[in-house]
Amino acid sequence: MLSMKITPAISINGTIELPGDKSISHRAAMIAAMASGETRIDNFSGGADCSSTLTSLVDLGVSIRREGTSVFVSSVGKTGFSSAGRPIDCGNSGTTMRLLAGILAGQEFESVLIGDPSLSKRPMGRIVKPLIEMGASIISENGTPPITIRGRDLLRAVEYRSPVASAQLKSCLLLAGLNADGVTTIIEPVKTRDHTERMLSWFGADTTSEEGVEGNRVSVSGDSTITARDVAVPGDISAAAFLIAAAACLPGSDITLRSIGVNPTRTAFLDVLSDLGSSIDVNDLSEISNEPVATIRARFAEPKAKRVLILNGRRISGLIDEIPILAVIGTQLGGGIEIRDAAELRVKESDRIAAVVENLRKMGASVTEFTDGLRVGTSRLKGARVNSHGDHRIAMAFAIAGLLADGETVINGAECADISFPGFFEMLRSVVR
Ligand code: S3P
């Protein structure tokens with residue numbers, strides 16, 4: 001287990017590019033595997049999660065070649081996958097397991113999906129129920145992995161109202177819908193990240209999406225033909241969030257991040273920081289492979305908030321991956337921060353509410369834990385030995401906390417940053433003063 005030492009910083013400064021977006025990389029590889037022809041994907045995430053997607057696809061008969069950060073995927077077609085003949089290991093990656101389950105529901109053989117101890121605790125009932133409605137046979141004891149899927153090559157098209165705001169669930173059903181006998185529709189309570197919809201239409205699928213009073217209604221036609229088309233993956237805005245947070249909290253900071261994905265379903269974090277008075281400029285806006293990208297410049301500015309900042313309700317889904325770092329930022333705000341309606345955080349790579357509460361307390365912050373969130377008071381952080389709980393976003397959030405603290409912080413289990421951001425600590429060292 002890697003213990004990483006973090007010492008206090010004065011500021012962060014520099015211009016950098018970040019690894020390819022994790023969510024978009026997963027989708028590009030999976031949809032390319034189903035499309036006809038060979039797809040080249042540039043700036044593919046080097047994170048371990050996206051490697052789990054590639055190895056799982058290879059196990060299922062897809063030819064994949066990696067050259068640097070480019071990945072070449074030779075498709076097998078929508079129903080052309082072949083049995084792996086052994087359990088498919090999705091590692092730590094919930095996205096791999098949930099999205100792949102959608103593809104496997106439409107293949108006429110049996111597959112078993114397994115994961116590491118963290119993934120083995122995560123809820124799969126949310127995908128199992130609708131996939132069974134679509135005609136797949138699935139066994140998942142206690143609603144957690146391993147899951148055994150016996151698919152069929154023509155599923156039933158359904159209209160499914162999702163009880164949870166989950167992009168992974170939506171994406172699972174859209175991928176299953178590519179092999180259904182009509183139009184599959186999912187209605188999600190709030191619009192979640194829409195990378196699957198965008199990637200499907202990039203590859204030529206027939207998809208529609210419409211936000212209304214009942215929620216966000218997304219459909220895909222089972223008749224869709226999808227054809228190989230090269231993809232360039234934008235830089236990962238959820239990785240950028242850690243650096244932007246450091247810039248927002250350390251006086252004198254000025255950091256420029258190039259070619260970052262600024263899909264509106266992912267930028268709520270920037271809005272929160274701008275509302276707090278941070279100087280965030282989004283420039284050079286363009287589009288690559290159906291996704292908006294931009295240069296983000298973040299500079300320190302004295303935070304405006306004097307009262308507690310409350311984040312709750314419909315806003316949470318757009319901030320879900322940034323909540324650990326927002327809790328850290330909360331220690332630096334005039335009135336602290338309160339986060340509610342975020343019980344989903346308890347079923348991420350770790351129980352992120354418990355992990356953040358434990359680590360912030362170790363660093364001397366005043367924290368109240370709720371079932372669905374936490375309240376963090378304005379606190380002067382002191383260096384401490386904290387635990388990543390094997391969760392990449394916890395490791396990176398507390399690296400930033402360490403930059404803001406007095407004295408040395410040690411992160412136990414820091415190697416898990418590689419799940420989404422290999423080289424995170426080296427990159428951080430290169431911009432810290
Ligand atoms: C993801 C969706 C979110 C997010 C995760 C990546 C995706 O999970 O937290 O990091 O790529 O679809 P949920 O769908 O469970 O909310």
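The model is predicted, with local features requiring pLDDT of at least 70 and side-chain atom pairs counting only at pLDDT 80 or more, while totals for chains, interfaces and linings use all residues. Residues are numbered from 1 along each chain as its sequence is written, and side-chain values use heavy atoms, with hydrogens and water left out.

**Helices α1 and α3**

- Helix α1 covers residues 22-34 and helix α3 covers residues 94-104; helices here are DSSP runs (H or I, at least four residues) and strands likewise (E, at least two), numbered from the N terminus.
- The two axes come within 11 Å and cross at roughly 25°, where axes are lines fitted to C-alpha atoms, for helices over the stretch in contact, and angles run from 0 to 180 degrees between N-to-C directions.
- The crossing of α1 past α3 is right-handed, a term for the near helix being turned clockwise from the far one by less than a right angle, with anticlockwise giving left-handed.
- On the α1 side, Lys22, His26, Arg27, Met30 and Met34 meet Thr95, Thr96, Leu99, Leu100 and Ile103 of α3; contact means heavy atoms within 4.5 Å.
- Five nonpolar, three polar and two charged residues make up this contact of α1 with α3, with Ala, Val, Leu, Ile, Met, Phe, Trp, Tyr, Cys and Pro counted as nonpolar, Asp, Glu, Lys and Arg as charged, and the others, Gly among them, as polar.
- In α3, 11 of its 11 residues are buried, including Arg98 and Gly102; buried means under 20% relative accessible area, exposed over 50%, and partly exposed in between (1.4 Å probe, protein chains only).

**Cysteines**

- The count of disulfides is zero, a disulfide being a pair of cysteine sulfur atoms within 2.5 Å.
- For cysteine 90, the closest cysteine sulfur is that of cysteine 172, and at 12 Å it is too far for a bond.
- Cysteine 416 is in no disulfide either, as the nearest cysteine sulfur, in cysteine 50, is 16 Å away.
- Cysteine 90 is buried at 0% relative accessibility, and cysteine 416 is buried at 8%.

**Backbone features to look at**

- Most residues other than glycine have a negative phi, and most peptide bonds are trans.
- Asparagine 43 has a positive phi near 60°; this residue sits in the loop between β3 (38-42) and α2 (48-59) and is partly exposed at 27%.
- Aspartate 284 also has a positive phi, near 50°; this residue belongs to strand β16 (residues 279-288) and is exposed at 57%.
- The peptide bond from proline 145 to proline 146 is cis, with omega near 0°, and proline 146 lies in the loop between β8 (137-139) and β9 (147-150).

**Two residues and their surroundings**

- Serine 111, in strand β7 (residues 110-114), is buried at 4% relative accessibility.
- Not counting residues up to four places away in sequence, serine 111 touches Leu60, Ile88, Leu104, Ile147, Thr148 and Ile149.
- Alanine 9, in the loop between β1 (3-6) and β2 (13-17), is buried at 13%.
- Leaving aside neighbours within four places in sequence, alanine 9 is in contact with Leu250, Leu403, Val432 and Arg433.
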